[in-house]
Every structure is written in structure tokens, then in C-alpha cells.
Amino acid sequence: NWSSSDSVISTDSAWEPAEPGRPYRVVLLGASGVGKTAFASIFGGAADSMDSDDCELCEDETCEKTIEVDGEPATVTLLDTWDTDGEWAQECYMQTGDAYLLLYSITDRASFLRASELRITLRRFRPAQHTPIILVGNKCDLVRRREVSVTEGRACAAVFDCKFIETSAAMQHNVWEAFHGIVRQLRLRRDSKEA
Ligand code: GDP
């Protein structure tokens with residue numbers, strides 16, 4: 001309860017990744033049609049899960065499950081940003097994630113450019129922190145429709161100082177590698193904070 005004379009105190013609701021046992025919040029970012037939903041379905045499916053039940057994406061497009069990475073369990077909450085073109089939703093996700101999978105489609109140059117824009121916006125929201133990000137070139141099964149080369153993807157990731165991987169959600173190729181990679185980066189960050 002606050003009266004009009006109260007000043008608005010901005011509370012930092014971003015959660016602390018170093019807190020032991022707290023799930024890692026991983027956000028899927030990218031243009032429409034690049035494969036975010038496909039990634040979320042693979043994550044929510046049975047493969048690699050330590051949970052007995054499959055995890056359905058809830059109405060709010062989040063899914064939490066415990067996966068094993070390098071012999072150690074990691075609880076991940078995955079957020080699928082279905083409305084990333086909406087400015088408000090996008091900014092909201094950029095403030096709440098611990099790590100980001102930044103997707104584009106190798107068959108769609110516009111989505112590659114969109115990924116760069118999103119990376120720049122992300123940097124604005126996270127200037128001080130080293131937030132783990134992996135640039136993901138999805139749909140690498142569609143070789144004949146390729147518009148963005150591996151070299152370009154890699155170069156972009158180097159400029160943006162993040163990791164890079166090409167995946168195919170359709171073939172389930174490298175998708176878990178991307179999820180595991182982001183957990184490894186989050187652990188490195190946690191370990192360096194604890195040190
Ligand atoms: P979103 O809008 O980013 O959530 O994209 P979706 O996951 O809905 O994918 C858009 C379309 O691309 C769907 O028809 C998917 O089946 C298809 N798709 C997603 N990933 C791949 C992939 O790796 N390879 C191919 N060939 N199609 C894909």
C-alpha cells in the first residue's frame with residue numbers, strides 16, 4: 001500500500017544465478033519462425049530428462065525440468081518468447097533471464113539480422129553482467145535453402161562475444177548440445193562468482 005507521496009523504489013527483480021539450487025532461467029529469443037517452439041518441445045520432451053513426467057509447456061510458455069549435464073543435475077526453466085516482436089514482452093524477457101539462446105534460421109537472412117538486433121538490445125539491458133548467450137543457427141538440415149553461411153554465423157558470434165552452434169530441431173541435431181552448453185556457461189559463471 002502506497003500513497004501518492006511515496007516514492008517509487010525500483011526493486012531489482014532479476015534473480016541471482018549464484019544462489020545454489022535455484023533453477024537457471026534460460027530464454028529463447030529470435031524472430032518468428034526460426035524454431036523456438038521446436039526447441040521448447042524438444043526440451044519439454046522425454047529425451048535426456050531426469051523427471052518421470054514429461055514437461056508440457058504451460059500457458060505462460062515456461063517449462064521447468066532437471067537435466068543431467070556432465071554428470072551433475074541442473075534445473076532449468078525454459079522460457080519461449082512467442083511474442084518477441086512485441087517490444088514490452090521482449091524487454092521483460094531481457095530483464096529476467098539468466099542466459100539466452102539467440103536463434104536465427106540459416107535459411108532466413110532477415111532472422112540473422114534480427115538476432116544481431118536482439119543481441120544489441122540485450123547488451124543494453126545487461127551492460128555490466130556477463131550474461132551467457134549462445135547464437136544458434138537453426139534449420140541446418142535445409143542445406144539447399146541456406147542463406148547464412150557457417151562462417152558468417154561464427155563471425156557474428158565472435159563480434160558479439162558469445163558461443164555459436166548450428167542446429168536442426170527437425171533432425172534433433174545439436175539441440176541438447178545447445179542446452180547443455182548454456183548450462184556449462186552458467187556453471188562457469190557461478191563458479192567464478194563463488195571463487
Ligand atoms: P518459432 O516461431 O520460432 O517458435 O518457430 P517454430 O518452432 O514454430 O518453427 C517454425 C517452422 O519451422 C515450423 O514449421 C517448424 O516445424 C519448422 N522448423 C523448426 N525447426 C526446424 C529445423 O531445424 N529444420 C526444419 N527443416 N524445419 C524446422
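Analyst: In this predicted model, Leu102 stands opposite Leu135 in S5, and Leu102 belongs to strand S4 (residues 99-105), which runs parallel to S5.

User: How does the chain get from S5 to S6, and what is the hand of the crossover?

Analyst: The chain passes through helix H4 (residues 150-159), and this β-α-β crossover is right-handed; the label means that, with the strands pointing away from the viewer, the path from the first strand over the helix to the second runs clockwise.

User: Why is S5 called largely enclosed?

Analyst: A residue counts as buried if 20 or more other C-beta atoms lie within 10 Å of its own, and six of the six residues of S5 (residues 133-138) are buried, so the strand is largely enclosed by the rest of the structure. Both faces are covered, with Ile133, Leu135 and Gly137 on one side and Ile134, Val136 and Asn138 on the other.

User: What is Ile182 in contact with, beyond its neighbours within four places in sequence?

Analyst: Contact needs C-beta atoms within 7 Å, and Val26, Ala99, Leu101, Pro132 and Ile134 are in contact with Ile182. In the largest nonpolar core, of 45 residues, Ile182 is among those that touch the most other members.

Terms used:
Residues numbered from 1 in each chain as written. Predicted model: local features only at pLDDT ≥ 70, side-chain atom pairs only at ≥ 80, totals over all residues. Core = buried A, V, L, I, M, F, W, Y, C linked by C-beta atoms within 7 Å. Buried ≥ 20, exposed ≤ 12 C-beta atoms within 10 Å, placed from the backbone. Contact = placed C-beta atoms within 7 Å. Helix = DSSP H or I, 4+ residues; strand = E, 2+ residues; numbered from the N terminus. Pairing = 2+ DSSP bridges.
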